[in-house]
Amino acid sequence: MKKTFKFRINASKTTIQKVEEVINLCRILYNLCLEQRKNAWQFHKKSISANSQKTQLPELKRAFPEFKNVPSQTLQDVVERIDGAFQGFFRRIKAGEKSGYPRFKGSARYDSFTLKQSGWQLNGNHLSIKKIGIFKIKLHRPILGDIKTVIIRRSSSGKWFVCFSCDNVPLNPLPKTGKAIGVDVGCEAFLTDSDGRQIENPRFLKQSEKTLQERQQSLSRKKRGSNRRAKARLLLAKSHEKIRNQRRDFHFKTANELLKANDIVCIEKLKSWKTWRSLNKSMRDAAWINFISVLKGKAVEAVREIREVPAKNTSQICSGCGEIVPKNLSVRIHHCPSCHLNIDRDINAAINILKLGASFRDSVSICPEKPRPSGRGSSRIIIDSERNNAIVDYLSKDGELSFKEELNLGGKHGFRAKQTLTNQSG
Ligand SMILES: [Zn+2]
């Protein structure tokens, strides 16, 4: 498994000064490479490859000796970064998305440099980098696997960090629980699961809104280029950083809880940026996209399965009978006129997500022709890996089992809901 370990670092003033110089030279090189590519295309209709730019690096060092103070791999990485920016640009165009041409970077927009296999050495909590100096790492956990790259980064609030990107990091499997769960993310609750549990949306942005507003206003009152403006900018950056950290901690905690209790977590596939742009402030505050990427990352490490089901009417369909019950966002309770199921709309959606995940097909219901119990409270899936099957228990409101389905587990994608068996009680 690949994993990145991030730590806070400290260094002497001279070392920090050298790092700033290196980052600035990298930024200049980045802009030079961008200009070269831009001109080649504009005037000669030619595109320049990363390799051809890399072969020009020795020439650059002869012409501008200050670049000799930057490790060669770091300079090559800058060329790769610009190449990556162009590849992303062309990929988005090809996909028909809105795509901005790669931009020239000002000093505030370029904040890191990369080292690969050489030019650095790690001794305990000391990282020494050739031509730059020694950093003390706040090593709050061990670095696992083989270190592939080392990135030194300055945060917008002026703190320094090191990121070790590692390969072959050993997995850390959690003990099996035999449980699967469906999860719905929403604005009322941050998360609702198919067992009926809800986690509130902590709204960190809203909590700090007043401070943010004050600091933003204070910044806009200061004269451009002044010292006081720089200080105000730093204060604002610190507020934003605090919110980011709070949110990140919350996402990790929530993901860990979900994965600890369940072997399979079914979620709805969120539509990417289009949806994100259309979200309002409180929805962005929840930052589900970040949460889901944390969840996926943690799932790999814990050897858990995340199933993304297509977002298809999960809030409209009745989890009881499969009937479509249209409702707008303001309707918080799902009430089905045909089977009289009466539950919270998000719990209804979470159950639908679990069922979709269990069938792992585009279908809404596992076996739509079967009679359904009415007015049940929840459903759960119990996975029996030895018998290679899964039992879906639908529980009625009073907790009595009222409906049961058996699914065949097969194929590398898990469930193949071909074979079903029903049993009605009560
Ligand atoms: Zn119904």
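**Terms and the values behind them**

Author: The model is a predicted one. Helices α6 and α7 cross in a left-handed sense.

Reader: Why are α6 and α7 called roughly antiparallel?

Author: The axes of α6 (residues 209-221) and α7 (residues 227-261) cross at roughly 160° and come within 9 Å. Angles over 145 degrees count as roughly antiparallel, so α6 and α7 are roughly antiparallel to each other.

Reader: Which residues of α6 and α7 meet?

Author: From α6 they are T211, L212, R215, Q216, S218 and L219, and from α7 they are R229, A232, R233, L235, L236 and S239. Sorted by class, the contact of α6 with α7 has 5 nonpolar, 4 polar and 3 charged residues.

Reader: Is the crossing of α1 and α4 left-handed or right-handed, and which residues make the contact?

Author: The crossing is right-handed. On the α1 side the contact is made by V22, C26, L29, Y30, C33, L34 and R37, and on the α4 side by T74, L75, V78, V79, R81, I82 and F86. By class, that contact of α1 with α4 has 11 nonpolar, 1 polar and 2 charged residues.

Reader: How do you know that K45 is exposed?

Author: K45 has 7 other C-beta atoms within 10 Å. Exposed requires 12 or fewer, so K45 is exposed. The residue sits in the loop between α1 and α2 (50-55). K45 also has a positive phi, near 50°, and is a residue other than glycine.

Reader: What makes N168 exposed?

Author: N168 has 11 other C-beta atoms within 10 Å. With the cut-off at 12 or fewer, N168 therefore counts as exposed. N168 lies in the loop between β7 (160-167) and β8 (179-185), and its phi is positive, at about 55°, although N168 is not a glycine.

Reader: How many of the protein's 426 residues count as buried, as a percentage?

Author: The figure is 27%, where buried takes 20 or more other C-beta atoms within 10 Å.

Reader: What does the secondary structure of the protein come to?

Author: The protein has 11 helices and 19 strands. Of its contacts between residues at least 6 apart in sequence, 62% join residues at least 24 apart.

Terms used
Residues are numbered from 1 along each chain as its sequence is written. This is a predicted model: local features need pLDDT of at least 70, side-chain atom pairs count only at pLDDT 80 or more; totals for chains, interfaces and linings use all residues. A crossing is left-handed if the near helix is turned anticlockwise from the far one by less than a right angle, and right-handed if clockwise. Helices (H or I, at least four residues) and strands (E, at least two) are DSSP runs, numbered from the N terminus. Two residues are in contact if their C-beta atoms, placed from the backbone, lie within 7 Å. Ala, Val, Leu, Ile, Met, Phe, Trp, Tyr, Cys and Pro count as nonpolar, Asp, Glu, Lys and Arg as charged, and the others, Gly among them, as polar. Axes are lines fitted to C-alpha atoms, for helices over the stretch in contact, and angles run from 0 to 180 degrees between N-to-C directions. Angles under 35 degrees count as roughly parallel, over 145 as roughly antiparallel, 65 to 115 as roughly perpendicular and the rest as oblique.
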